[in-house]
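Subject: Structure handover

Hi,

Here is the structure for you to look at. My notes on the ligand site and on aromatic pairs follow below it.

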Amino acid sequence: MNNITINMNNFMTNHPQLKYIFFGGKGGVGKTVMAGAAALWSAKQGRKTLLASTNPVHSLSNLFGQNVFGKPVMVCDEQNCYAFEIDTRETIERSKKEIREKINWFLKFADITTKAEDFIESATMNPAFEESAMFENMIDLMFKDEYDFYVFDTAPTANARRLLGMSKVYSLWVEKMLKSKEEAKSLRELLSFSKKKEKDPLLDYLLNFKDRMAHAKDLLTDDALTAFFFVTLPESLPIAVITRFINWFYEFGIPVGGVVVNMVIPKDQVHKDSAEFVRNRVSMQNEHMEQIWKIFGDKVRAVVPLFETEVKGDAMLNRLADQLVRS
Ligand SMILES: Nc1ncnc2c1ncn2[C@@H]1O[C@H](COP(=O)(O)OP(=O)(O)O)[C@@H](O)[C@H]1O
Ligand SMILES: [Mg+2]
């Protein structure tokens with residue numbers, strides 16, 4: 001623990017403009033509870049804070065013992081802390097409707113007499129569709145700018161990176177679309193005798209979309225505003241997962257805030273005559289802690305103990321927050 005060079009508290013002090021934080025890592029390592037603790041901590045600092053889950057399998061309602069599905073609900077005594085599970089189904093339906101309108105319009109524009117449904121099927125049935133709908137939802141929250149601080153409880157493993165990588169793919173795709181649309185349009189204008197200017201909702205939509213993606217990318221790659229934290233346990237698999245994760249993030253230019261090690265068995269609770277099972281787990285954890293210091297070194301921001309119960313409700317979350325952001 002004393003190996004930490006820059007702890008979470010120092011990190012926050014060094015990044016006074018920080019506004020968007022994320023927690024990633026393997027399933028079950030404690031991303032949701034860390035996100036909850038960080039949100040309560042931020043609210044305690046006097047910032048109006050939103051904790052939003054973009055994970056289709058939500059767990060914030062369970063964490064706070066309140067229904068926070070579909071709209072932001074206040075979850076702390078300070079009255080400035082909100083939790084919000086994004087309604088994926090509604091988002092997907094809305095996006096499908098939008099796409100349907102665009103495709104119908106486009107087919108009419110291009111004089112193509114095909115059933116629009118075939119196009120819509122192929123556009124919305126692919127597995128990335130749900131993720132892009134969630135991504136759109138997330139950046140909508142960011143653009144609305146109604147909070148001082150945002151904590152995102154992201155989907156496990158590769159999804160978070162895909163989510164962000166997508167902004168790059170999106171802009172490439174849109175650029176291609178725009179180019180071929182411009183070509184089609186000038187061809188149409190050349191062939192047409194009428195010089196009247198046509199309104200082009202698809203083009204407007206694409207341009208607007210491109211701007212939104214560029215803006216999202218600006219925010220998400222700004223290391224003054226954004227930080228991704230990676231949660232691991234002192235165990236080999238979660239360490240391997242975040243090692244891979246962190247490298248991907250560097251490649252994408254997404255700011256890595258650091259590593260949080262969770263569920264470390266408190267040494268002062270374990271003695272020579274403790275159960276063998278416990279002593280074995282402690283020695284396994286010790287070995288993996290050495291690995292962690294070797295791999296992540298000065299990126300480790302906190303080492304959080306395994307509590308005697310699960311983390312649920314305000315009291316436990318505040319206890320966790322004290323361990324996560326120690327001064
Ligand atoms: N330090 C800890 N001590 C005790 N229980 C913990 C601790 N961190 C997390 N938990 C529990 O572990 C489980 C998984 O945590 P969760 O935050 O849901 O993981 P994730 O979001 O990464 O899947 C939950 O039941 C949570 O209460
Ligand atoms: Mg979770």
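A polar contact here is a pair of N or O atoms within 3.5 Å. By that cut-off, a nitrogen atom of ligand 1 and an N or O atom in the side chain of Asn 262 make such a contact, at 2.9 Å. Please keep in mind that this is a predicted model.

Ligand contacts

An oxygen atom of ligand 1 lies 3.0 Å from a polar backbone atom of Gly 30. For Val 29, the distance from a polar backbone atom to an oxygen atom of the ligand is 3.3 Å. How much of the accessible area of ligand 1 does the protein cover? The figure is 79%, out of the 560 Å² that the ligand has on its own.

The shell

Ligand 1 sits in the second largest pocket. Around the ligand are 16 residues. Gly 28, Lys 31, Thr 32, Asn 262 and Val 311 come nearest. By type, the shell splits into seven nonpolar, six polar and three charged residues.

Which elements each supply at least two residues of this shell? They are α2 (31-44) and β7 (256-264). The largest share, three residues, belongs to α2.

Aromatic pairs

Across the whole structure, the search gives 14 aromatic pairs. One of them joins Phe 22 and Phe 152. This pair is stacked, with 5.0 Å from centre to centre and 20 degrees between the planes. Planes under 30 degrees apart count as stacked, so the 20 degrees of this pair qualifies.

Best wishes

Note on methods: Residues numbered from 1 in each chain as written. Chains lettered and ligands numbered in written order. Predicted model: local features only at pLDDT ≥ 70, side-chain atom pairs only at ≥ 80, totals over all residues. Heavy atoms only, no water. Near = heavy atom within 4 Å. Polar contact = N/O pair within 3.5 Å; in protein donor to acceptor, adjacent residues only side chain to side chain. Areas by Shrake-Rupley, 256 points an atom, 1.4 Å probe, with all protein chains shown as cover. 1 Å grid on protein atoms, 1.4 Å probe; cavity = no way out; pocket = protein on both sides within 12 Å on 5 of 7 lines; lining within 4 Å. Sits in = over half its atoms within 2 Å of the grid points. Helix = DSSP H or I, 4+ residues; strand = E, 2+ residues; numbered from the N terminus. Nonpolar A, V, L, I, M, F, W, Y, C, P; charged D, E, K, R; others polar. Phe/Tyr/Trp six-rings, centres within 6.5 Å; stacked < 30°, edge-to-face > 60°.
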